[in-house]
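Trainee: I would like to learn how to read the helices in a structure. Could we go through a few of them?

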Amino acid sequence: MKINVFNTFVGLTLILGLFASCKDKPKNGRTDTYSSGTIKFVSDESFSPIIDEQREIFEFVYPKAKLVPIYTNELDGVNMLMKEQVYLAVTSRNFTDKEVANLEARRFQPIAIPLAFDGLALIVNNSNPDTIISVNDIKQILSGKVAKWKALYPNSKLDSIEVAFDNKQSSTVHYCVDSLLGGKPINSPNIYAVDKSAEVIDFVEKHPNAIGIIGSNWLNDKRDTTNVTFKRNIRVMGVSRIHPATVESSWKPYQYYLWNGNYPLVRTIYALLNDPRHGLPWGFANFMSADSRGQRIFFKAGLLPYRGNMTVREVSVSDE
């Protein structure tokens, strides 16, 4: 009789244990923790170089973690987040009020964590001698009101202005539409949307009439540890809030000019989270935003870290 009771007790214990383990297992099959497991996340393609570096360092620090990036345009990336296909998206915008309301109605708690500041850079072919431009000029080009280089620079020997973007649905396009054109569509007669940010640089290299619009993180010359030079196969334009632009009023997207507000085309990079589990997406986002190593990676890539301390030094230059 004792044996039967014992066997019954063991049987009940095993059943309860199995029930508890099934209950604890998440419905979506996720088993990741703050610093371990495997997850996919999405990022705007224009940030791929810096996000790849962040991912590599994070996986080195946390060897039990595996991050699988999906690089796409900003629109598709946010849609994936909203559909719970991923739980982390790196973008250049915050959640909209409509997106927050949608997620909260489904009992989610969306969080946007600022990571860094990126300058939107304008690049031209090496043969183009005109390298300063005003914000007003940019608006005129994008709206289609100015289509020839001579309309901006009377002495220019170039003809039609060819504008190159990385992708029709990219964060770069959205910034120009929302921040420069007040929500109106881009209407330039010679718009070229390639596929990736690297292809914008290639396009500008091959087309003397071109002007490319691209995230400044793509322009940092890796040979320069001081982050004060850009890739040398194109020229970066100085941008002025004042019209017409002058050399004195125009600034390039160096970190210091992002920091002091001189450079006018600045966007914030966000980690958008929709992760009720508070697992690996949270761990990676916090590494990029709060960990000194993550913020240092942004700095070394030529961006302005959101929480980094900026040290400014005066340098004396000798004429000798």
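This is a predicted model: local features need pLDDT of at least 70, side-chain atom pairs count only at pLDDT 80 or more; totals for chains, interfaces and linings use all residues.

Trainee: What describes two packed helices?

Mentor: Two values do: the angle between the axes and the distance between the axes. Here, helix α2 (residues 48-61) packs on helix α11 (residues 292-300) at an angle of about 155°, and their axes are 10 Å apart. Angles over 145 degrees count as roughly antiparallel, so α2 is roughly antiparallel to α11. The crossing of the two helices is right-handed.

Trainee: Which residues of α2 and α11 meet?

Mentor: From α2 come I50, E53, Q54, I57 and V61, and from α11 come R293, G294, I297 and F298. By type, the residues of this contact are five nonpolar, two polar and two charged. As for spacing, an α-helix has 3.6 residues a turn, so residues three or four places apart point the same way.

Trainee: Why is helix α10 described as largely enclosed?

Mentor: Buried means under 20% relative accessible area. Nine of the 10 residues of α10 (residues 280-289) are buried, so the rest of the structure largely encloses this helix. The buried residues of α10 are L280, P281, W282, G283, F284, A285, F287, M288 and S289.

Trainee: How many residues of helix α7 are buried?

Mentor: Seven of the 10 residues in α7 (residues 171-180) are, so α7 too is largely enclosed by the rest of the structure. They are S171, T172, V173, Y175, C176, V177 and L180.

Definitions and conventions: Residues are numbered from 1 along each chain as its sequence is written. Side-chain values use heavy atoms; hydrogens and water are left out. Buried means under 20% relative accessible area, exposed over 50%, partly exposed in between (1.4 Å probe, protein chains only). Helices (H or I, at least four residues) and strands (E, at least two) are DSSP runs, numbered from the N terminus. Axes are lines fitted to C-alpha atoms, for helices over the stretch in contact, and angles run from 0 to 180 degrees between N-to-C directions. Angles under 35 degrees count as roughly parallel, over 145 as roughly antiparallel, 65 to 115 as roughly perpendicular and the rest as oblique. A crossing is left-handed if the near helix is turned anticlockwise from the far one by less than a right angle, and right-handed if clockwise. Contact means heavy atoms within 4.5 Å. Ala, Val, Leu, Ile, Met, Phe, Trp, Tyr, Cys and Pro count as nonpolar, Asp, Glu, Lys and Arg as charged, and the others, Gly among them, as polar.
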